[in-house]
Every structure is written in C-alpha cells, then in structure tokens.
Amino acid sequence: MATKDLSQYDANSVPSAQNIRFGIVVAEWNQEITFALAEGAINTLKKHGATDENILVKYVPGSFELPLGAQYFAEMENVDAVIILGCVIQGETRHFDFICQGVTQGTIDLNLKYNKPFVFGVLTTENQQQALDRAGGKHGNKGDEAAITAIKMVALKTSFQ
Ligand code: DLZ
C-alpha cells in the first residue's frame, strides 16, 4: 500500500480481516439473490481471517431500507465496516429508479457522515437472470467483491492512523 512503485503494487492481494468487526445488512426483497450475496460475503470475510463473532448480520424489508439499517449498525454495534446487500430488479414503473437513487445516495451519505466504509453491494438489474448471474452464477458473486472492498477500505483507513 505504501509503495510508489506501481509495478510493485498487487491489486489482487487482500489484507487480513482478523480483528475487524463487520456488519452486513441484507434486503429481504429478492431473497434468493440477496441471501446468496450474503453467503458469498460471509465466506469471503472468513476466508480472509474474520471470525464468526466479528460478523454481524441483520435484515431489512427492501433495498430502500438498507441505508437506515446500515446506520443502526454504525450507531449501535460499533462496527469497522458495513456491507450493504440488496437486489433491485427493473419493473414496469419508475419505482426501480427511485429505490436505486435512494439506496445509492443513502450509502454515499453514510460513508461521509461516519467516516467509515459502507460498501455498496446492491445489484441493479433488468431481470432476475442478470441478478442470478452475479449472485454465484457466471459473473461470480458480488457479495464476495463487496467483502473484499470492505476489508481493503478498513486497511486503507488504518494505514492513515
Ligand atoms: C417495492 C419494491 C419493489 C417494487 N421492488 C423492489 C426490488 O426490486 N428490490 C428491493 O430490494 N425492494 C423492492 N421494493 C421494496 C422497497 O425497497 C421498499 O422496501 C418499500 O418501498 C418500502 O419502503
């Protein structure tokens, strides 16, 4: 992380997740997708050294509620990073746009308000197949990627302290 020699920087290396406390907030809407994202995130955190006691999982009804659920984590559970997992699938109305806009802006606001990582792991897809492809299917599991982002961002913050 400290090197200025870019040829020495390995973007694929993941810092240890030992002694980091994670919150995961999961939307119940499209739960066949979101629970798969959560499973991927939990497995990845553990693979990198996080313990069960340091992974806290809570559920909210839909993606619109994710920022508030994540805020409860920040205020009540003293976590180092929160992973936000949801899946919004486009319908016939503009509901999709409003939910996506709400959860995106809400997540940005939390990052800056609490000065800690709130990782955006929300799938925003045209249909269910695109979501399945990204929840353990042919495009991997975006829950894994969200977990790695959370670990890296905590390590980044620690590197400034
Ligand atoms: C209402 C709704 C709709 C139509 N679609 C989704 C969706 O695809 N994914 C999702 O996570 N949530 C959806 N919701 C629920 C909203 O996120 C929210 O829970 C309700 O509008 C209540 O605030």
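This is a predicted model: local features need pLDDT of at least 70, side-chain atom pairs count only at pLDDT 80 or more; totals for chains, interfaces and linings use all residues.
Helices are taken here as DSSP runs of H or I of at least four residues, numbered from the N terminus. The unreviewed UniProt entry lists H95 under "active site". With 12 other C-beta atoms within 10 Å, H95 is exposed, because a residue counts as exposed at 12 or fewer such neighbours.

Helix α3 also takes part in a packing arrangement with helix α2 (residues 66-76), the two axes coming within 9 Å and crossing at roughly 20 degrees. Helices α2 and α3 are therefore roughly parallel, since angles under 35 degrees are classed in that way. Their crossing is right-handed. On the α2 side the contact is formed by L66, P67, A70, Q71 and A74, which face V103, G106, T107, L110 and Y114 of α3. By residue class, the contact of α2 with α3 comprises seven nonpolar and three polar residues, with no charged ones.

A further helix pair is formed by α1 (residues 31-47) and α5 (residues 142-159), whose axes lie 7 Å apart and pack at an angle of about 40 degrees. The orientation of α1 and α5 is therefore oblique, and α1 passes α5 in a right-handed crossing. The residues that α1 brings to this contact are L37, A38, E39, G40, A41, T44 and L45, whereas α5 supplies K142, G143, D144, A146, A147 and I148. In the contact of α1 with α5, seven residues are nonpolar, three are polar and three are charged.

How values were computed:
Residues are numbered from 1 along each chain as its sequence is written. Axes are lines fitted to C-alpha atoms, for helices over the stretch in contact, and angles run from 0 to 180 degrees between N-to-C directions. Helices (H or I, at least four residues) and strands (E, at least two) are DSSP runs, numbered from the N terminus. Angles under 35 degrees count as roughly parallel, over 145 as roughly antiparallel, 65 to 115 as roughly perpendicular and the rest as oblique. A crossing is left-handed if the near helix is turned anticlockwise from the far one by less than a right angle, and right-handed if clockwise. Two residues are in contact if their C-beta atoms, placed from the backbone, lie within 7 Å. Ala, Val, Leu, Ile, Met, Phe, Trp, Tyr, Cys and Pro count as nonpolar, Asp, Glu, Lys and Arg as charged, and the others, Gly among them, as polar. UniProt positions are given in the numbering used here, feature names are shortened, and annotations may be inferred rather than shown by experiment. A residue is buried if 20 or more other C-beta atoms lie within 10 Å of its own, exposed if 12 or fewer, and partly exposed in between; C-beta atoms are placed from the backbone.
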